[in-house]
Amino acid sequence: MPQIDANSVRAGNRRSLAKAITLTESSLPAHREQAQQLLEALLPYTGNSIRIGISGVPGVGKSTFIESFGQLLLAAGHRVAVLAVDPSSPVAGGSIMGDKTRMEQLSREENVFIRPTPSGGTLGGVAQKTRETMLLCEAAGYDVILVETVGVGQSEFQVAGMVDFFMLLMLPGGGDELQGIKKGIVELADAMVINKSDGDGERIAAATQSQYQSAFSLLRNEAHWTPVVMRCSALKKVGLDEVWSTIQSYVTSTRSTGFFEHRRSTQNREWMQQLVQAMLLQRLKDNEAVIAELPVLEAEVEAQHITPYAAARRVIELLDKA
Ligand SMILES: Nc1nc2c(ncn2[C@@H]2O[C@H](COP(=O)(O)OP(=O)(O)O)[C@@H](O)[C@H]2O)c(=O)[nH]1
Ligand SMILES: [Mg+2]
């Protein structure tokens, strides 16, 4: 792959941006090296965006929401990047590509960049690539980043850990358990938006909204932000301006208290910690002595000839010798 010019990414050249992302997604060591150099060169130009995570069970309307919300953002003069974390996607350009049909208008817009979820590898690997893609998009001048999660596996937690504002889309009616929302997700939400508040759904959506409003007031009571419960119709484009103004209030108020930057710093530190763990694991997997000895040690542990602790220590010693 030819060297990619950091300046052409900064200038907003779509082809350069796409190539740069492909580079970060590659697992070839030479590509990773190039990608890191590029990211380092571009780092000073990153961060100038609002990063919004959008989560919710399949069918709740995330893609429809992004299609409509994205257009609202464009009309307000923003440049929008749409990314995804979908660990279940087996091939390059998995579900979000299929979703492009739901983002039909948006995907044709000049100031929109839609990138399907990176494929392959662990959830941690997929999330890592999405984080780097986010930085590249910021350097290219996209000032609102929407990160969709499919609501499968632990992807929501990964997305919540990489955005400034984490939003949970909900269906009208039923509690979060009924809706199949995983434990711990509601607690991470900065806003909950009951979608499909239109037609017959409107009345139920209003009831669901007040239900969550009272639940939320008990749930989280942090000084920096009180989670908001809203409702909208992504299909009919109703209530989306309220979602946007809520996000803007969040940014204004958390910037003034310093929480906005604090959240990002914390995320970066945790990201680094995750990387250290991932790299150590990779070293273990690549270590010849470990590859040879591990089955032997496992068998000895199974046969209760040595303790798991002693075996684990032996593995680490092998790593030290390398
Ligand atoms: N009535 C109604 N239907 C909606 C709304 N938003 C999405 N849908 C429909 O719900 C289905 C799933 O939407 P989609 O955006 O693919 O959901 P995702 O799986 O969360 O991305 C589609 O048939 C949409 O047309 C809405 O606001 N109102
Ligand atoms: Mg979707």
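This report describes a predicted model, covering its domains, ligand site, salt bridges, surface and backbone.

## Basis of the values

The model is predicted, so local features need pLDDT of at least 70 and side-chain atom pairs count only at pLDDT 80 or more, while totals for chains, interfaces and linings use all residues. Residues are numbered from 1 along each chain as its sequence is written, chains are lettered from A and ligands numbered from 1 in the order in which they are written, and side-chain values use heavy atoms, with hydrogens and water left out.

## Domains

The domain assignment gives domain 1 (1-45), domain 2 (46-256) and domain 3 (272-321); such bounds come from an automatic or database domain assignment. Between the C-alpha centres of domain 1 and domain 3 the distance is 35 Å.

## Ligand site

Around ligand 1 there are 16 residues, of which G59, K62, T64, R102 and D198 come nearest. A residue is near a molecule or strand if one of its heavy atoms lies within 4 Å of it. Helix α4 (residues 62-75) contributes three residues to the shell around ligand 1, the most of any element. Helices (H or I, at least four residues) and strands (E, at least two) are DSSP runs, numbered from the N terminus.

Backbone atoms approach oxygen atoms of the ligand at several points. For G59, a backbone N or O atom is 2.8 Å from an oxygen atom of ligand 1, and for V60 the corresponding distance is 3.4 Å. A polar backbone atom of A234 lies 2.9 Å from an oxygen atom of ligand 1. Polar contacts are pairs of N or O atoms within 3.5 Å; within protein, one atom must be able to donate a hydrogen and the other to accept it, and residues adjacent in sequence count only if both atoms are side-chain atoms. Taken alone, ligand 1 exposes 580 Å², and the protein buries 76% of that. Accessible areas come from the Shrake-Rupley method with a 1.4 Å probe; for residues, only the protein chains shown count as cover.

## Salt bridges

Side chains of opposite charge can pair when their charged atoms come close. The whole structure holds seven salt bridges, each defined as a side-chain nitrogen of Lys or Arg within 4 Å of a carboxyl oxygen of Asp or Glu. One of them joins R32 and E132, with the closest N and O atoms 3.2 Å apart. R32 lies in helix α3 (residues 29-42) and E132 in helix α7 (residues 123-139), so this pair ties together parts that are 100 residues apart in sequence. R32 is partly exposed at 24% relative accessibility, whereas E132 is buried at 3%. Buried means under 20% relative accessible area, exposed over 50%, and partly exposed in between (1.4 Å probe, protein chains only).

Another salt bridge is formed by the side chains of E138 and R51, at 2.6 Å from N to O. It links distant parts of the chain, with E138 in helix α7 and R51 in strand β1 (residues 50-55), 87 residues apart. E138 is buried at 4% relative accessibility, and R51 is buried at 9%. E104 and R108 also form a salt bridge, with their closest N and O atoms 3.8 Å apart. Here E104 is partly exposed at 46% and R108 is exposed at 61%.

M272, V276 and L280 make a nonpolar surface patch of about 280 Å². Patches are made of residues with over 30% relative accessible area and no salt bridge; like charges are joined within 9 Å, and nonpolar side chains (Val, Leu, Ile, Met, Phe, Trp, Tyr) within 5 Å. L280 lies in helix α11 and is partly exposed at 45% relative accessibility.

L281 is placed in helix α11 (residues 259-286) and is partly exposed, at 48%.

## Loop residues

K196 has a positive phi of about 65° although it is not a glycine. K196 sits in the loop between β6 (191-194) and α9 (201-219) and is partly exposed at 36% relative accessibility. Q304, likewise not a glycine, has a positive phi of about 60°. The loop between α12 (288-302) and α13 (308-321) holds Q304, which is exposed at 71%.

E110 lies in the loop between α6 (104-107) and β3 (112-114) and is exposed at 62% relative accessibility. E110 and R79 are 31 residues apart in sequence, and their C-alpha atoms are 8.7 Å apart in space.
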